[in-house]
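Subject: Structure handover

Hello,

Here is the structure I said I would pass on. My notes on it follow below.

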Amino acid sequence: MKKINTLAGIAVLAILLLSACGKKNPAKVYEDTIAALPEDEYTATVDIGLEYPVLLTTDEVYDDGSGDEAAIYCDVYYPVDKKVQKIGSVESMGTAYPIACSRDGIYSVLDGGVQKYTADASGKLAMTQNIYVSYDEQGNAAYFSGDGSSAQSVSADVYDSAQDAYTKCTVVSFTQKQVK
């Protein structure tokens, strides 16, 4: 019995060690990038389902009322070809709609719509969702999904689903860069 317990303990330890080896340490990945930022910059690393978390930076934050230092604009950094690069920026409409994230992307709200971003295969920031509402002269709503150059009509349910996805996201909480 003692031998079985010892073997089970060794197996559990081996699994824990192997699983830790596969994890990426964002502090190490982005250490030089954060060090090169201006002293008044704020940062956050968020997991959006990629190999590494993404680094978000901003120079303006506000208290969102729930203790988060939120932002409506941020630059996005990610390792591309083993070098951390700025891959784009994300902007939201106002303090009622801070930058937020979930396991599937970074979310923003602009002009009555919800945008979702992630990194594409080349490592560039890509908008993967843009669902928005437009009103005609009589105030009738029409809902669209588009990329800026073309749009297709979608149902109000699709629009509501995008709004619901944003509300379920986590507001990105930034911290001021630590000067070493």
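On the surface, a patch of negative charge brings together Glu39, Asp40, Asp59 and Glu60. Please keep in mind that the model is a predicted one.

Salt bridges

There are four salt bridges in the structure. I describe some of them here.

One of the four joins Asp75 to Lys86, with 3.3 Å between the closest N and O atoms. Asp75 sits in strand S5 (residues 73-80) and Lys86 in strand S6, so this pair links parts that are 11 residues apart in sequence. How is Asp75 classed, buried or exposed? Asp75 counts as buried because its relative accessibility is 13%. Lys86 has a relative accessible area of 43% and is therefore partly exposed.

Another salt bridge is formed by Lys116 and Asp104, whose closest N and O atoms are 3.1 Å apart. Lys116 is in strand S9, while Asp104 is in the loop between strand S7 (100-102) and S8, so the pair ties together parts that are 12 residues apart in sequence. With a relative accessible area of 14%, Lys116 is buried. Asp104, at 37% relative accessibility, counts as partly exposed.

Lys168 also forms a salt bridge, in this case with Asp164, and the closest N and O atoms are 3.1 Å apart. Lys168 counts as exposed at 63% relative accessibility, whereas Asp164 is partly exposed with a relative accessible area of 36%.

Strand S9 covers residues 113-119, and seven of its seven residues are buried, so the strand is largely enclosed by the rest of the structure. Which residues cover the two faces of S9? On one side are Gly113, Gln115, Tyr117 and Ala119, on the other Val114, Lys116 and Thr118, and all of these are buried. The cut-off behind that word is a relative accessible area under 20%.

S9 pairs with strand S8 (residues 105-110) in the antiparallel sense, over five bridges. One of the bridge pairs is Val109 with Val114 in S9. The two strands make a hairpin with two residues between them, and Asp111 in the turn has a positive phi of about 45 degrees.

S9 also pairs with strand S10 (residues 125-135), again in the antiparallel sense and over seven bridges. Here Val114 has Ile131 of S10 as its bridge partner. S9 and S10 form a hairpin with five residues between them, and its turn contains Gly123, which has a positive phi of about 90 degrees.

The antiparallel pairing carries on from S10 to strand S11 (residues 141-146), where five bridges join the two. Tyr135 is partnered by Ala141 of S11. This hairpin has five residues between the strands, and Gly139 takes a positive phi near 85 degrees.

S11 is in turn joined to strand S12 (residues 151-154) by four bridges, and these two strands run antiparallel. Among the bridge partners are Tyr143 and, in S12, Val154.

The five-stranded open sheet

What is the order of the strands in the open sheet? Five strands form this sheet in the order S6-S5-S2-S1-S14, with antiparallel pairing. Strand S6 (83-91) and strand S14 (175-176) are the edge strands, each pairing on one side only. At the S14 end, strand S1 (residues 42-46) is joined to S14 by two bridges, and the two run antiparallel. One of the bridge pairs there is Tyr42 with Gln176 of S14.

The salt bridge between Asp75 and Lys86 also belongs to this part of the picture, with Asp75 in S5 and Lys86 in S6. S5 and S6 stand next to each other in the strand order given above.

Regards

Note on methods: Residues numbered from 1 in each chain as written. Predicted model: local features only at pLDDT ≥ 70, side-chain atom pairs only at ≥ 80, totals over all residues. Heavy atoms only, no water. Patch = residues over 30% accessible without salt bridge, like charges linked within 9 Å, V, L, I, M, F, W, Y side chains within 5 Å. Areas by Shrake-Rupley, 256 points an atom, 1.4 Å probe, with all protein chains shown as cover. Salt bridge = Lys/Arg side-chain N within 4 Å of Asp/Glu carboxyl O. Lys, Arg positive; Asp, Glu negative; His and termini not counted. Charge placed at Lys NZ, Arg CZ, Asp CG, Glu CD. Buried < 20%, exposed > 50% of the residue type's maximum accessible area, 1.4 Å probe, protein only. Pairing = 2+ DSSP bridges.
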